[in-house]
Amino acid sequence: MALALFVVAHLLGHLAGVAGTAAHQSVLEALRLVYRQPVVEALLLGCVLFQAGSGLVLLWRGRGRRRGAVAWLQALSGGYLALFLAIHVGAVLQGRAQGLDTNLHFAAAGMQVPPWPWFFGPYYFLAVLAFWTHAGCALHWNLQPAVRTKALVVAMVAGVLWGACLVALLAGGFHALEIPGRYLAPLAALAGRG
């Protein structure tokens with residue numbers, strides 16, 4: 001639950017970027033007052049490791065026994081989330097070690113340097129969709145039969161809309177993003193353009 005609350009707050013913080021980079025930074029700084037506390041940050045990193053590790057164990061144990069669309073949605077979304085968390089948390093920690101502020105510029109840089117949008121667009125979209133799908137599957141298994149399918153569908157629709165909004169934001173679809181060169185240079189070098 002702690003990780004889920006953090007992810008929702010994190011995604012809401014990103015959506016604040018629709019109002020502009022300054023709005024995103026203000027929300028991010030307010031959230032950081034909580035989650036950048038050493039004890040809270042250690043707890044969150046522990047939750048990420050536990051969630052990804054336990055999820056992969058459950059994914060492995062369920063092989064060959066998984067039946068039905070919801071079980072497969074849960075497995076696929078959970079597997080993708082484990083992969084995403086490993087890449088995303090690793091990238092954020094590496095960026096911070098390099099002295100970068102892991103803010104909207106950090107997240108959007110991958111959408112600004114070709115050919116990286118072809119990776120980062122689906123990467124972010126599928127992460128948001130996977131999160132909401134996984135949450136919807138949890139609701140499906142725990143709600144009354146009369147509402148469980150509706151809850152899953154609503155969660156997945158939220159994932160599609162939220163994911164599309166985030167990718168559009170990071171691509172500069174809501175307003176022009178001026179990304180400082182220090183964020184773009186590593187991606188340009190990897191693409192052979194730097």
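This is a predicted model: local features need pLDDT of at least 70, side-chain atom pairs count only at pLDDT 80 or more; totals for chains, interfaces and linings use all residues.
Helix α1 covers residues 2–15, and its 14 residues reach 20 Å from the first C-alpha to the last, which is close to the 20 Å expected at 1.5 Å a residue. Within this helix the buried residues are Leu-3, Val-7, Leu-11, Gly-13 and His-14. When one looks down the axis of α1, these buried residues fall within an arc of 155 degrees, so they line one face of the helix. An α-helix has 3.6 residues a turn, and therefore residues three or four places apart point the same way. The cover over the buried residues of α1 includes α2 (21–35), α3 (38–61), α5, α6 (117–142) and α7 (145–170).

Two packed helices are described by the angle between their axes and the distance between the axes. The axes of α3 and α4 come within 9 Å and cross at roughly 145 degrees, and the crossing is left-handed. On the α3 side the contact is made by Glu-41, Leu-45, Val-48, Ala-52, Leu-56 and Leu-59, while α4 contributes Ala-75, Gly-79, Ala-82, Leu-85, Val-89 and Arg-96.

Arg-96 also belongs to the surroundings of Thr-102, a residue found in the loop between α4 (69–97) and α5 (104–108). Thr-102 has a relative accessible area of 13%, and because buried means under 20%, Thr-102 counts as buried. Leaving aside neighbours within four places in sequence, Thr-102 is in contact with Leu-28, Arg-32, Arg-36, Val-92, Gly-95 and Arg-96. With Arg-36, the side chain of Thr-102 makes a side-chain polar contact of 3.3 Å.

Methods. Residues are numbered from 1 along each chain as its sequence is written. Side-chain values use heavy atoms; hydrogens and water are left out. Helices (H or I, at least four residues) and strands (E, at least two) are DSSP runs, numbered from the N terminus. Buried means under 20% relative accessible area, exposed over 50%, partly exposed in between (1.4 Å probe, protein chains only). A polar contact is a pair of N or O atoms within 3.5 Å; within protein, one must be able to donate a hydrogen and the other to accept it, and residues adjacent in sequence count only if both atoms are side-chain atoms. Contact means heavy atoms within 4.5 Å. The expected span of a helix is 1.5 Å times one less than its number of residues. The arc is that of the directions from the helix axis to the C-beta atoms. Axes are lines fitted to C-alpha atoms, for helices over the stretch in contact, and angles run from 0 to 180 degrees between N-to-C directions. A crossing is left-handed if the near helix is turned anticlockwise from the far one by less than a right angle, and right-handed if clockwise.
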